[in-house]
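Notebook open, structure loaded. I'm jotting down what I looked up, one item at a time.

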Number of protein chains: 2
Amino acid sequence: MKNLLVVFLGLYLLSCSAKSDQMVEVKQDPLPSWNEGVNKSAILNFVKSATDSSSESFVEIKNRIAVFDNDGTLWSEQPMYFQLAFALDQIKKLAPEHPEWNETEPFKSVLAGDMASVMKQGEGAIIKIVLATHGDVTADDFETGVKEWMAVARHPRFDRPYTDLVFQPMLEVLEYLRANDFKTFIVSGGGIGFMRPVTNELYGIPAEQVMGSMMKVEYDKENKIINRYPELSFIDDKAGKPVGIYNFIGKKPIAAFGNSDGDLQMLEWTSTNPNSFMMYVHHTDEEREWAYDSLSHIGKLKEGLTVANELGWTVADMKKDWKVVYPFELKD
Amino acid sequence: MKNLLVVFLGLYLLSCSAKSDQMVEVKQDPLPSWNEGVNKSAILNFVKSATDSSSESFVEIKNRIAVFDNDGTLWSEQPMYFQLAFALDQIKKLAPEHPEWNETEPFKSVLAGDMASVMKQGEGAIIKIVLATHGDVTADDFETGVKEWMAVARHPRFDRPYTDLVFQPMLEVLEYLRANDFKTFIVSGGGIGFMRPVTNELYGIPAEQVMGSMMKVEYDKENKIINRYPELSFIDDKAGKPVGIYNFIGKKPIAAFGNSDGDLQMLEWTSTNPNSFMMYVHHTDEEREWAYDSLSHIGKLKEGLTVANELGWTVADMKKDWKVVYPFELKD
């Protein structure tokens, strides 16, 4: 009888301990790659107050919308936008189908490997390269092309896949927000069709939460496929970002993250929401990543920095705030 | 000692029973407003096979995308699109700010309550009414206007709020899909800004999962607001629906629900996904709702019905398949 009692007591305690295990909150640091300081605290405090139902700044779950620029905010963008590296490689890949490119600029220079000449031809040349490689293709074939490139292309400085160059501290911010019932979106000037094949794997952001610049597409009723055409239909940059968010999401975000003047309107619009959080990633680390801002052609950050400082937005200093930049630093 | 044993035994059994309660699957009918038959079975079988990991037709959660037309598929659309009823009421509300409308058609006829004359003026008149009431307004004021109208306007036939006229059997389909990890989207020819203020409450579909036809919008940097302009920027109907889905979601759905020829391309595109499910709601019930198809100006269903029958898509017969049409029938 006594043994039986012990058995039941044991079973009961076991069942209680199983329950209490579930109830113990594990208080881990949600942002382990961030050094302690005002910027890390600002992120933590924002999330705490938005999710504290007793706080005046509490935000209902359905309105916990956070938007992120991609190039320079979630992954690197130097020495050129990764999408441009893709477009240049595509020119080489598609050249056999386009003999006329051997005689036409800027394609001729691309095929000759003369990037200096391409750059001299200015923005118009870049647009021609993007349109030629992102249009005149079915949606399915374009997606396949992006996936194939992502799997084999390597970044010239790091000799690693481009997809290795995502920012570990920002991955932690994404995870932390989602763990607190935020919905995370990408709002990028980059092409929507270039990002969507990889955002779920890279950032945990599904295709339907990615917006970006768009090419004209049409539905071919006969073949029941989507075709892409070499014509820009929407530029998701500067004042286009609030427009894109209004059209895609239909809600004003309560948190916005960017790194350039192209993100300023998105951050400013977000800032009109009470208790919102705005953050710039400032590229200050030429050792581990790159250092650039007001004088850079890529990711120029000048007016945005002035506004951020005036209004007290968070400006993450990559060199000071980030313990590691890339996930591979943790593994190597 | 014996009493103690009984106490522990009781506690243990209690804890077991609490656990086993959680583990007992409650096998309730997920579609109680659907009569038994081939159509109900088709829905159930599709969901079972898409979610059965041992099945060849298993679909990963991230690809469980279901798209729904709104007018005539999730709520009624007779005797006119509810959005048109809203636009007509807005003309009356906004008239004091527009004295010129007293002398200009089609506004003059609307203000005189002469709908016969408005209808005689054709589609161009309707478009003028929609543009005048959906453009030239800030996004915030437009949203407020929609919410105010939804709260007070009443449907002429039922003398109930328009929001009462959602289809109970379709609410059950939405719930059932979501319970099986589908993400549900609205893809409507109706205006995106007209639907978003109410879809979460009506259907459990958040604003960011609603797409529809769009007006031109711009971001006003000075005032940090979104303004709407009287110009259509995207028509989310017919071949526009696959285009809208590609741009907004970036994935081809595996389930699509519509009620008119305007939904045909969306259903056809979806049907190119293996093991996909396509359904038309056929309006066959003039007693409880309305009966119309190939001869109707609103929600015309002719070519779609032919294709559906040829390809064996599900055609829900409102009269035969639905035990109730509207949720209020359950309460009254």
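I started with Trp322(B), which is buried at a relative accessible area of 1%. For the record, buried means under 20% relative accessible area, exposed over 50%, and partly exposed in between, with a 1.4 Å probe and protein chains only.

Before going on, ground rules: this is a predicted model, where local features need pLDDT of at least 70, side-chain atom pairs count only at pLDDT 80 or more, and totals for chains, interfaces and linings use all residues. Residues are numbered from 1 along each chain as its sequence is written, chains are lettered from A and ligands numbered from 1 in the order in which they are written, and side-chain values use heavy atoms, with hydrogens and water left out.

**Aromatics**

I searched the whole structure and got 41 aromatic pairs over all chains. Rings of Phe, Tyr and Trp (its six-membered ring) pair if their centres lie within 6.5 Å; planes under 30 degrees apart are stacked, over 60 edge-to-face, and the rest tilted. Trp34(B) sits in the loop between H1 (2–23) and H2 (38–51) of chain B, and Trp322(B) in the loop between H13 (318–321) and H14 (328–331), so the pair ties together parts 288 residues apart in sequence. Trp34(B) is buried too, with a relative accessible area of 0%.

**Charges over rings**

My cut-off here: NZ of Lys or CZ of Arg within 6 Å of the ring centre and within 35 degrees of the ring normal. Arg228(A) lies over the face of Phe142(A), 3.9 Å from the ring centre. In chain B, the charged end of Lys216(B) is over the ring of Tyr229(B), at 5.6 Å from its centre.

**A helix pair**

Next I checked H10 (240–248) against H11 (264–271) in chain B: the angle is about 55° and the axes are 7 Å apart. H10(B) and H11(B) are therefore oblique (under 35 degrees is roughly parallel, over 145 roughly antiparallel, 65 to 115 roughly perpendicular, the rest oblique). Lys241(B), Pro242(B), Ile245(B) and Tyr246(B) of H10(B) meet Gln265(B), Met266(B) and Trp269(B) of H11(B), contact being heavy atoms within 4.5 Å.

**Chain A overall**

I noted 14 helices and nine strands (DSSP runs: H or I of at least four residues, E of at least two). Of the 332 residues of chain A, 53% count as buried.

Terms used
Axes fitted to C-alpha atoms, helices over the stretch in contact; angles between N-to-C directions.
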